[in-house]
Amino acid sequence: MSEKPNPRVPIEPERYELSAKPFYHFAWNRREFFQFLGAGMLVLGVMRDAAAMQESGQARRRGEESLPREVSSWLHIGEDGSVTVFTGKVEVGQDIRTSLTQAVAEELRVSIDSIRMVMGDTQVVPFDMGTFGSRTTPTMNLQLRRVSATARDALVQLAAQRWNADAKTLSAKNGEISDASGHSISYGDLLKGQQITEMIPAEDPLEPASEWTVAGKPLARVNGRELVTGEHRYPSDHALPGMLYGKIVRPDAFNATLVSADTAKAEKMPGVAVVRDGDFLGVVAPTSFEARKAAEAIQATWKSEPQPSNKDLFEVLRKTAGAEEERDRGTHITGSIEQGMAAADQRLKQTYTVQYIAHTPLEPRAAVAQWDGDKLTVWTGTQRPFGVRQELAEAFHLKEDQVHVFMPDTGAAYGGKHTGETAIEAARLARAAKRPVKVVWTREEEFTWAYFRPAGVIDVSSGVKNDGSITAWEFHNYNSGGAGIPTYYDIANQHIQFHPSHSPLRQGSYRGLAATANHFARESHMDELAHLVKMDPLEFRLKNLKNERLRAVFQAAAEKVGWEKRKKEPGRGFGMGGGFEKAGNVATVAEVSVDRASRKVKIERLVTAFECGAIVNPENLESQVAGANIMGIGGALFEAIQFENGKILNPRLSQYRVPRFSDVPKIEVVLLDRKDIPSAGAGETPIVGVAPAVGNAIFKAAGVRLRSLPMVPEGLPKA
Amino acid sequence: MAKSLQLEINGKAHQVNADPGVPLLYVLRENLNLTGTKYGCGEGQCGACTVMVDGVARRSCLTPVGSVAGKKITTIEGLASNGKLHPLQQAFWDADAFQCSYCTSGMIVAAAAFLKTNANPSEAQIAHALNGNVCRCGTHPRIIAAVQKAAKAMREKS
């Protein structure tokens, strides 16, 4: 077993929940593999540094028994032509099950329905750090393409040998190899009785996007039938024979210790058992209803210290800045702020804030745990099955190969399901009960005991000349994070810094990370500067922006919305916001109406232009962009966690408002396809333009500048 | 206290032993293994648990099972007939009207009940009818398009 941080994957400092180091454990060898999957062909994608370490230095090897640990994906073609693909990536609604299937079909030249995608099962898939950071498309999609192309070439070679023909005269199509005279043989027939292993570095050349045939076109969900009929089993649907239902007795505040617990009444209930281990207190019962009743019957006393509340939040974040351990703060200094300010005609200093918000995946955390002696199997919804395996191993003092984590396609996550608390709870209860146990968090638990998107304070100082050129840019982010903090505007004098603080609440990754907060501050400030020098917001941005890709999305969004000819009437306004993050370029234009009398703010229209290189699946991409826009509406307008002295005050959907149909405006997505640029992920970046675009539009509509997210939780604030 | 209750679900009679106060949602999921109906909030705010009772949309998380004994209960599992998808199911699939799809069962059942009252709804009417159903992934425009598509298919068939 090797243990080392993965050098290829930079982790943003605000992924606070990811303290776990990546951990390789790869126990398979070649023979076991063919025993498991049957004869045929096995192709492994190996990371380059691992491949380079092989003695021969050759990219491809055949026939060795042990397999390298640094494999990142593999694919098997059976004697019946069926294709099985293994990846540690998981499906949480971004539909990579379809897009990865499509990539394999494209390169291997087989039908979609001959492919089975095995995902997120730690027993059979290669190690993967997790499904986050919009990395599946730029990394796994490409890798599976390479693996599939290798398999196709090997099949062509096999046929060439069999027919004594020149491989160049053969072609692969529809799961068959054919020659010019019309001879053909299916992949399955070629592989009868064979045990072929191919190994490739994950960087072989590929077909350019312009040659793609299946990929790049809309493809319906490969498992759509299971989804629309209710047959798909989400983690919370999983059930085992003899399974009990678990419920945790929660403290009345964060960071509390258990003083005493009267469990007598609960223990008398039929079929109920109480489990206490330190501050862990829970029950199991034959049904979830009985488990809840039993938990409610326990009288527990907790002790906790006084803790901050919303009203102190921003002061706390400023005051405790630097209190956290040293991290990469993304500090960026060029030129001299002093000189830049001196060269400016006008100067502006403003502060922007964002509140904690909750991911609120519609499926709350859920896990089913089963022990077999000292072996533990857990079915759970997580973006990091291998991370959860490690958490379980640590919690129960096991080796990782004693723990098997399986992740069924899950009811969303948005960066919120990186950790394994529910898996640990279910496993602890199951060990005591000596039966499988399921724990499904209630919505209140999900709102309280999960982690939140970090709150933050951002101070921006800038200087600008009257001709619109920005001369100085100073930007300090307290607590929310460093993602999206660099400015893409061309400014000679910059000082940009992220300051970690001591967060009163548990916080962690959220779709787009701090890019939402940083773009909100930057793009709002840009609008304020444009206003200061009396320039059109688009013209002002373009004056300070050289990046062609970013200019293109701003221009595309403006063109779609009819920016030049936009109507200027009281109570209505247009605003824009955009940027660059995770190799994607986005610009959003919002049209907003404000009713002065009722103080009601309504987003009438959102137009988002997005470009993330070559488009893999336009249908799915459009869906991701629109979805991110709609999710962004919540954080922009009304989502905020209220807390006081270690308690969440609004832990219910009736108290925490998420976007509904009535909040959703007309949404238009403009996709720019750059076939010459490798595909980047799209699950996150399209969220970042929404809040500043809406804030800037509110300013135009009502003359009120809003610098705190959410902006209008109770309607337009009184001036 | 647990009682023996007679339930008619998706046209089939079921006998279950349950406390009449237990929400229908848990009886469906735990006693009958009908897990297409989802838990989302437990307070009738998200619609993931929507079923039809005598053809009307109901939040199964707030419906005591004792109150629906003897009534006709329809869940997502009961919409397809003889392997043929309900027009709403087909339209959701065709329109890609989901991402994680956890809200889909509730959306489809709520929409099926709604289309019984309005066979040719406008976008605004659909948005109003489904406003109690949360889709956190933000597929709302596609859901509206799917419901309209299904409504059209159903009108043409009848």
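Close-up 1. Helices (H or I, at least four residues) and strands (E, at least two) are DSSP runs, numbered from the N terminus. Because 10 of its 14 residues are buried, α3(B) is largely enclosed by the rest of the structure; a residue is termed buried if 20 or more other C-beta atoms lie within 10 Å of its own, exposed if 12 or fewer, and partly exposed in between, with C-beta atoms placed from the backbone. Among the buried residues are B:Thr104, B:Gly106, B:Met107, B:Ile108 and B:Leu115. The end C-alpha atoms of α3(B) are 20 Å apart, in agreement with the 20 Å that its 14 residues should span at 1.5 Å a residue, the expected span being 1.5 Å times one less than the number of residues. This is a predicted model, in which local features need pLDDT of at least 70 and side-chain atom pairs count only at pLDDT 80 or more, while totals for chains, interfaces and linings use all residues. Residues are numbered from 1 along each chain as its sequence is written, and chains are lettered from A and ligands numbered from 1 in the order in which they are written.

**Close-up 2. The contact between chain A and chain B.** Chain A brings 47 residues to the contact and chain B brings 44. On the side of chain B that touches chain A, the elements giving two or more residues are α1 (24-31), α2 (87-94), α3 (104-117) and α5 (140-157) of chain B, of which α2(B) gives the most, with four residues. The residues on this side of chain B comprise 21 nonpolar, 15 polar and eight charged, with Ala, Val, Leu, Ile, Met, Phe, Trp, Tyr, Cys and Pro counted as nonpolar, Asp, Glu, Lys and Arg as charged, and the others, Gly among them, as polar.

**Close-up 3. The two assigned domains of chain B.** Domain 1 (3-77) and domain 2 (87-157) of chain B come from the domain assignment, whose bounds are automatic or taken from a database. Their C-alpha centres lie 21 Å apart, and 15 residues of domain 1 are in contact with 13 residues of domain 2. On the domain 1 side, β3 and β4 of chain B each supply at least two residues, and β3(B) gives the most, with three.

**Close-up 4. An open five-stranded sheet in chain A.** The strand order is β6-β5-β4-β3-β10, with mixed pairing, two strands being paired if DSSP finds at least two bridges between them. The edge strands β6 (115-119) and β10 (195-201) of chain A each pair on one side only. Strand β5 (83-87) of chain A runs parallel to β6(A), to which five bridges join it, and A:Thr87 has A:Met119 as its bridge partner in β6(A).

Close-up 5. Helix α12 (421-433) of chain A has 13 residues and reaches 18 Å from its first C-alpha to its last, close to the 18 Å expected at 1.5 Å a residue. Most of α12(A) is covered, with 11 of its 13 residues buried, including A:Glu421, A:Ile424, A:Arg428 and A:Ala433. Just after α12(A), A:Lys434 takes a positive phi of about 55 degrees.

Methods: Contact = placed C-beta atoms within 7 Å.
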